[in-house]
Amino acid sequence: MKKILIIVSMVTVLIGCGTNDDEKIKLKQDEFIVEFGMSYSYNKADYIKADKEILEKTKVTINGEDLDNPPVLDTTFEQWLEIYAVGEYEGVATYNNQTLRFTVKIEDTTPPEWFYFPAEIEIEKGSYDHVQMLFKATDYSGVRIVINNLSDESNKNDLDFANMEVGEYEIDVIAMDKYGNKISERSKVVVKE
């Protein structure tokens with residue numbers, strides 16, 4: 001009876017070892033999110049769970065780029081933003097005959113930032129219709145400035161500064177990037193004679 005138990009135990013151990021050999025690496029998750037303006041990680045351990053020795057032998061690529069040989073980028077910041085552009089990138093981890101696939105998503109969720117925002121602007125009546133140019137915001141994916149008139153509910157979005165009457169106008173200034181992230185702040189336009 002003891003001999004049978006020992007043989008069954010040895011067979012169980014051998015079968016268990018064979019199963020573990022097939023799955024030496026595991027993904028930490030199926031999808032990794034990176035904010036636009038940053039590069040994805042070149043550290044394999046950020047994507048794969050494995051023993052240190054196995055991790056060293058595991059090949060990991062993202063968008064065809066081998067993480068063991070990161071590129072030496074001698075580029076402008078604008079070119080760098082193109083290399084790590086918003087989008088989905090395929091990741092592949094390979095160890096022996098085991099291949100795992102994952103996704104790296106670069107997303108833009110950060111709103112623009114003001115770097116020049118006047119609280120009040122004075123213009124002469126009929127002389128200036130480009131108030132948007134006075135407000136400056138920055139964002140990696142570009143910025144569009146929109147001004148809404150808060151002083152006149154009937155004419156909220158159509159501001160014709162060149163034809164405004166003398167007076168004070170409260171405005172809502174919105175800076176928006178191409179992915180819809182935005183910031184909004186109030187200012188005042190004073191139209192003088």
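Is Glu168 buried or exposed? Glu168 counts as exposed, at 55% relative accessibility (buried means under 20% relative accessible area, exposed over 50%, partly exposed in between, with a 1.4 Å probe and protein chains only). This is a predicted model, in which local features need pLDDT of at least 70 and side-chain atom pairs count only at pLDDT 80 or more, while totals for chains, interfaces and linings use all residues. Residues are numbered from 1 along each chain as its sequence is written, and side-chain values use heavy atoms, leaving out hydrogens and water.

- Strand β7 covers residues 98-107 (strands are DSSP runs of E, at least two residues, numbered from the N terminus).
- The covered face of β7 holds Gln98, Leu100, Phe102, Val104 and Ile106.
- β7 pairs with strand β6 (residues 87-95) in the antiparallel sense over 9 bridges (two strands pair if DSSP finds at least two bridges between them).
- Here, Tyr89 has Val104 in β7 as its bridge partner.
- Strand β2 (residues 31-35) runs parallel to β7, joined by 5 bridges, and Ile33 stands opposite Lys105.

**Salt bridges**
- The structure holds 10 salt bridges (a side-chain nitrogen of Lys or Arg within 4 Å of a carboxyl oxygen of Asp or Glu).
- Glu168 forms one with Lys188, with the closest N and O atoms 3.4 Å apart.
- That pair links strand β12 to strand β13 (residues 182-192), 20 residues apart.
- Glu170 and Arg186 also meet in a salt bridge, at 3.3 Å from N to O.
- Glu170 lies in β12 and Arg186 in β13, so this pair ties together parts 16 residues apart in sequence.

Notes
Helices (H or I, at least four residues) and strands (E, at least two) are DSSP runs, numbered from the N terminus.
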